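Hi,

Here's the structure I said I'd pass on to you. Have a look at it first, then read my notes below.

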Amino acid sequence: MIFKSSTKTVPDVPKVPSHVAIIMDGNGRWATRRMLPRVAGHVKGVDAVRDIVEACVDRGIGYLTLFAFSSENWRRPEEEVSLLMRLFVTALEREVAKMHANDICLKVVGDLSRFDGKLRDMIANAERRTANNTRLTLTICANYGGRWDIMQATSKMLAAHPGVTEFSEEMLAEHLAMAYAPEPDLFIRTGGEQRISNFLLWQLAYSELYFTDTFWPDFSPAALDEAIVSYQSRERRFGRTGDQLAEKK
């Protein structure tokens, strides 16, 4: 494994989180409250993504992971799902060149088999184009679920070790969809709900959780700073006592 596991060793505790993971919730409700169609909230949400990506670059955050479409979101009305897919295509068409110019690496993780061929090709091309960029790794989780991630990693682990009956955490973790990234320091959910909704179930073991009533389209760089301030106020013990931390200072 490239990065430390928070359950195996005590990881570094950066003042500014090195990895922020966000559930971007509240787009539809933002639109409904303004007497607009739900898709208007999703369109506005793309603008918020752009602003937060730029803010993360400015603040030296190395990894930003956004939950764009869960494996359970297929249960939404067919028209809304279709609009979300078209919006995904439009965002790739408009934003990839800008990301590449700003040294941002784009990754899309999840079960992409349910997307049509054009979208899969666009994702693959965007990932290839930005693969060597290092300023920020932006991960979009699309048709992603934490349980799916653990199951697909388990299948790959078993295939890689035929006949083995005892396994370690490290043997599984290297097959997770985001094995290339450290565990999130800070998890944010907008929109007022207080649950992780099948997002990064393995990786969030020791992340600091931050919930805000702000709908995603209104989540600004200033709101991100508020979340970071909250993160900085936490005592990250990783199983240790407060007295042990005080002794190390």
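Let's begin with Glu193, which is partly exposed, because its relative accessible area of 27% falls between the 20% limit for buried and the 50% limit for exposed. Keep in mind that this is a predicted model.

Where does Glu193 sit? You'll find Glu193 in the loop that links strand E5 (186-189) to strand E6 (208-211). Glu193 touches Asp25, Arg29 and Phe211, leaving aside residues up to four places away in sequence. Asp25 is 168 residues apart from Glu193 along the chain, yet their C-alpha atoms are separated by 8.1 Å.

Next, the helices. Helix H2 (residues 38-59) packs with helix H3 (residues 78-101) at an angle of about 25°, and their axes are 11 Å apart. An angle under 35 degrees counts as roughly parallel, so H2 is roughly parallel to H3. The crossing of H2 past H3 is right-handed. On the H2 side, the residues that meet H3 include Val39, Val43 and Val46, while Leu83, Leu84 and Leu87 are among those on the H3 side. Overall, the residues of this contact are six nonpolar, one polar and five charged.

Then there's the core. The largest nonpolar core has 45 residues, and Leu106 is one of the six that touch the most other members. H3 turns up again here, giving the most to this core with eight residues. There's also a second, separate core of 13 residues, with Ile23, Tyr63, Cys141 and Phe187 among them.

As for Leu106, its contacts include Leu92, Val96, Met99 and Leu138, again not counting residues up to four places away in sequence.

Cheers

Key
Residues numbered from 1 in each chain as written. Predicted model: local features only at pLDDT ≥ 70, side-chain atom pairs only at ≥ 80, totals over all residues. Heavy atoms only, no water. Axes fitted to C-alpha atoms, helices over the stretch in contact; angles between N-to-C directions. Helix = DSSP H or I, 4+ residues; strand = E, 2+ residues; numbered from the N terminus. Parallel < 35°, antiparallel > 145°, perpendicular 65-115°, else oblique. Left-handed = near helix turned anticlockwise from the far one by under 90°. Contact = heavy atoms within 4.5 Å. Nonpolar A, V, L, I, M, F, W, Y, C, P; charged D, E, K, R; others polar. Core = buried A, V, L, I, M, F, W, Y, C linked by side-chain atoms within 4.5 Å. Buried < 20%, exposed > 50% of the residue type's maximum accessible area, 1.4 Å probe, protein only.
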